[in-house]
Amino acid sequence: MARPTQLLHPQREPASPRPAATVLLLRDGTTGIEVLMTRRSMTASFAPGAYVFPGGGVDALDAASHGQATRRATQSDLHLTQAIAAIRESFEELGVLLARRSDGACAGHDDIAALDRKAPFAAQCQARGLTLAAREVFVLAHWITDRDLPRRFDVPFLVARMPEGQTPVADESEQFEPVWVRPVDALTQHKAGQFFIIFPTIRTLERLQDYATVDAVLQACAATEQPLWTSCPRAGMLAGHEARYMEHEQPYGELALVCPDGQIGHALDWQSEQPVPLLKNLIRLTAPNPGAMTGPGTNSYLVGDPATGYIAIDPGPADAEHIERLWRAAGGNIRMIVCTHSHADHSPGAKPLQALCSKHPPILGLPSAPTARKASEFTPDRSLRNLELLKLEGRGPEGDLTHTLQVIHTPGHAANHLCLVLLEDGLLFSGDHILNGSTTVIDPPDGDMTAYLDSLDTLSAACIEHKIEFILPAHGYVIGGYAGEAAGAITHLKAHRLKREAKIIKVMQAHPDGTLEDWVTQAYDDVPPRLWPVAKRSLMAHVARIEAALS
């Protein structure tokens, strides 16, 4: 975890989320699932004017009404309380009653007409002999309102089938204009500015599009009794506007590192002109070399501060303007230059950067192996040892300062690849071994798939040992942002590689006389054909690994 003294923004305590519940009432339409939505009052304190699903706060009577509700054997007390709250809110806001009579029939118009929306709900149902149909309400998702908002809610998004024969009628105080809408139509109208919906609603509707029927949704939810996803979104600035992201989306980890308490202000636009502060002791400057292999460009990092000087990580290609920007961002005070590996978008800038610095900092790394391509030849001033410590020390206004990088040798992408751990702040600089938004190419003979997978295990162990929460790749945003995500990202990456390898084995077995060109079209059929020449390199690495295992 980053030291609080290194955070760019003062720490603050986000508002405590209030327990609430909302429910997606679904029906099967002629062209797919339809969901019941309603417009919130324009004077509402939260999301005024937005189209939402019915719902509201959980109150004490909801938890006290378990005896008046049906429940599944696998339904927890918490989920039962939430289901009761959603049933109550559906009735109070839309006059929809998820309850059954003593004979098992669904509540009807007479039952609804007999109940007062403003009177205690459960007691009225009990007096009329109605049992709340909580067993028919399932958990779809779990949302916690973004940390930047003054009013926050901890909300399960529940799902239930709309009772037959009932017609929603808005209360005309909190909710207005109930409408049945297909998820795709709601999203299309929202993009056209005709149907205002907020971020959690958008993301929920996007996922609901994947289901063809109400039964399919309910069966997916019943299979685990757990939310299909959980999210507490984060917000940053993109093209001058607020943009929000879920945990699985690429910018999330960067926002978590830079603005852990939800402050909005970090710009996510990729550019090469200005350095991007990530912490007080960490700056990123992206080289102007975007492309299919480099994504938005190669990330150069500066670790340190004016009192300690800086370590430059991956100075990038020999681009004079980029090198000068890197030098200026460090105030010329660069003590060491470290190259994670010798590829042409990482190490050629080392010597030009060294030449700019008056103190002539050493270029550190591992020399390229004989297997490296001509363009990747590299000889450092000094070779780094596995687990060696690179330390910066100084004294600033707040006292003594230390920044320590531990070297970890991680062959695989390249024979001389290494990663670095900033021990005091739990950060992993992954070079090209782990990327955000793509998988790295393993290009034999310098690239080796078995070595790559073994190095992933090494990095996973380092994440656990050093409590690493964030990974800083050479291409893309920071990775991480929630418990165990750094190690989890590595686990996911290894599983992805092994899944690809299993697919390659099946293709090879089905076409034993095929060529690499034949196999790549089938083993990478989920990859755009324009990328097959690149995928073919990793295919070669997998094939070499498979053949070695069989020999």
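**Terms and their grounds**

Modeller: Neighbours within four places in sequence aside, A141 is in contact (heavy atoms within 4.5 Å) with V155, P156, F157, P227, L228 and W229. This is a predicted model, in which local features need pLDDT of at least 70, side-chain atom pairs count only at pLDDT 80 or more, and totals for chains, interfaces and linings use all residues. Residues are numbered from 1 along each chain as its sequence is written, and side-chain values use heavy atoms, leaving out hydrogens and water.

Biologist: Why is A141 called buried?

Modeller: The relative accessible area of A141 is 0%. Buried means under 20% (exposed is over 50%, partly exposed in between; 1.4 Å probe, protein chains only), so A141 is buried. A141 belongs to strand β7, residues 138-144; strands are DSSP runs of E with at least two residues, helices runs of H or I with at least four, numbered from the N terminus.

Biologist: What makes α11 roughly antiparallel to α12?

Modeller: Helix α11 (residues 449-465) packs on helix α12 (residues 485-510) at about 160°, with 9 Å between the axes. Because angles over 145 degrees count as roughly antiparallel (under 35 roughly parallel, 65 to 115 roughly perpendicular, the rest oblique), α11 is roughly antiparallel to α12. The axes are lines fitted to C-alpha atoms, for helices over the stretch in contact, with angles from 0 to 180 degrees between N-to-C directions.

Biologist: Which residue classes make up the contact of α11 with α12?

Modeller: The contact comprises 11 nonpolar, one polar and four charged residues. Asp, Glu, Lys and Arg count as charged, Ala, Val, Leu, Ile, Met, Phe, Trp, Tyr, Cys and Pro as nonpolar, and the others, Gly among them, as polar.

Biologist: Why is α13 described as roughly perpendicular to α14?

Modeller: The axes of helix α13 (residues 516-523) and helix α14 (residues 532-550) cross at roughly 105° and come within 9 Å. That angle makes α13 roughly perpendicular to α14. The α13 side of the contact includes W519 and V520, and the α14 side includes W532 and L539.

Biologist: How do you know that strand β23 and strand β24 pair?

Modeller: Pairing requires at least two DSSP bridges between two strands. Strand β23 (residues 427-431) and strand β24 (residues 470-473) have four bridges, in the parallel sense, and I471 in β24 is the bridge partner of L428. Both strands belong to an open sheet of six strands with mixed pairing, ordered β20-β21-β22-β23-β24-β25.
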